[in-house]
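Here's a friendly walk through one protein model, taken a piece at a time. Keep the structure open while you read.

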Amino acid sequence: MSEESVDRSEGFGERLLGLLLDRARLMPPQLIAPLIAEEVARFGGRDVSILLQDYAQELLVPLPGRQLHVSQPEPVDASPAGRAFLRAEIVEVPQAHGVRMYLPLLDGSDQVGVMTLTLDTVGDDDRRLLGRLAGLVADMLVTKNAYTDQFFLARRREPMSVSAEIQWSLLPPLTMSIPQVSVAGILEPAYRVAGDSFDYALNDDILHIAVIDAMGHGLDAAVMATVAIGAYRHARRVFVSLAEKYAFMDDAVSRQFGPDHFVTAQLMHLNTATGELELVNAGHPAPLLIRDGQVLQQLESATTLPVGFGGEAPRIRQHMLQRGDRVLCYTDGIIDEHVNGGEPFGEERLIRCVNRLGEDPSEGARADLRRLSHTLKRERGGRTSDDATLFMIEWRGGAADHLAVLD
């Protein structure tokens, strides 16, 4: 096709999205909402709301803003907004005077929230354009979140401890999904978490994962977790092997806090092309391997001393995953919580809960992990006296090269 024959004229959709792109760099956070409402009104949309997930992952909370329709928070469970959020798909609800649309706000594959609006009628062109608009809005919210407290304040539903503030600022996105693999994590109690954390990074075909639990409670535990994660990230960006990552974290924690402090950890490398998983277990509960919705086994490995104790070079265990396998990591706050009669909740109860949820159709790793977290909390009588973290990896294999090829 010759250069002269390519149509470069600006269509309606390009003008609509282009205005947001052109202004995004200089847009103050408080002006995002009015601009979005104005953009939606250009093709007949009205009553625009932006709903953000609260930190406990129970509600979708309306973002206040000029020209936005601010309603009551909507439950993630059993609401159209919740379905759009958990399934990452557009939900449409007919109303007396139009159609209410719920569009997931996805930054990459991390669910930021939901944008809702009403149109008189909805066609395929509307769905395509609004889906792209929602993606752009999500990117803007994430970008602007780095230098404003407005979105944080909307998501926070109760006072948050200083240690929890530190831990939430330390986390990567709670979810990540590409064709080969997806991950999801959740922290409890959301507003008082201290020593638990996780981190991950996808570098070429290797997914790097760390799940940690710093000893103690409160601010001391949060500071120790911060040092451990910071050392892990530094080692990940310098070294290659799991053994070197462990040694670097061990040295950083012991030098900073002395011999009486420690961090339990699981460090993993997952080859997203082959399913080969390397595991170092430093005093942590063994992860569960889930296949076809049921726990197949614990992924055992020779236990290495916790980080900070100056242990010898860790022993690395290799496992081969099958397509569709899930690996569930958890901290001891999940199984050590005392239930009726004073007994610890225990691994057997955890496995039973996983298997029971596995009998229902899967809605994806993020939605399934959230259901599991809330189920476990109910089974523990609503108590979470210690930090309780869940982190799930789902390996699907295959390739993503087709995404780099234009149709």
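Met-268 has Leu-279, a residue of S12, as its bridge partner. Strands here are DSSP runs of E with at least two residues, while helices are runs of H or I with at least four residues, and both are numbered from the N terminus. Two strands pair if DSSP finds at least two bridges between them.

Before going further, a word on the model: it is predicted, so local features need pLDDT of at least 70 and side-chain atom pairs count only at pLDDT 80 or more, though totals for chains, interfaces and linings use all residues. Residues are numbered from 1 along each chain as its sequence is written, and side-chain values use heavy atoms, with hydrogens and water left out.

What sits in the turn between S11 and S12? The hairpin has 4 residues between the strands, and Gly-275 takes a positive phi near 85° there. On to the next neighbour: S12 is joined to S15 by 4 bridges, again in an antiparallel run. Leu-279 turns up here too, with Arg-317 as its bridge partner in S15.

Zoom out and you get an open sheet of 5 strands in the order S9-S10-S11-S12-S15, with antiparallel pairing. Strand S9 (196-203) and strand S15 (317-320) are the edge strands, each pairing on one side only. From one strand to the next, the twist averages 15°. Helix H8 (residues 242-257) lies across strand S10 (206-214), S11 and S12, running at about 155° to S11. For such angles, axes are lines fitted to C-alpha atoms (for helices, over the stretch in contact), and the angle runs from 0 to 180 degrees between N-to-C directions. S12 itself is mostly covered, with 5 of its 7 residues buried.

Buried means under 20% relative accessible area, exposed means over 50%, and partly exposed is in between (1.4 Å probe, protein chains only).

| Residue | Relative accessibility |
|---|---|
| Glu-188 | 8% |
| Cys-329 | 0% |
| Cys-353 | 2% |

Glu-188 is found in strand S8 (residues 181-188). Its side chain makes a polar contact with the side chain of Arg-380 (3.0 Å). A polar contact is a pair of N or O atoms within 3.5 Å; within protein, one must be able to donate a hydrogen and the other to accept it, and residues adjacent in sequence count only if both atoms are side-chain atoms.

How many disulfides does a search of the whole structure find? The count is 0, a disulfide being a pair of cysteine sulfur atoms within 2.5 Å. The sulfur of Cys-353 is 18 Å from the closest cysteine sulfur, in Cys-329, so the two are too far apart for a bond.

Last stop, a helix pair. The axes of helix H1 (residues 12-24) and helix H4 (residues 124-145) come within 11 Å and cross at roughly 0°. H1 and H4 are therefore roughly parallel to each other, as angles under 35 degrees count as roughly parallel, over 145 as roughly antiparallel, 65 to 115 as roughly perpendicular and the rest as oblique.

Methods
Contact = heavy atoms within 4.5 Å.
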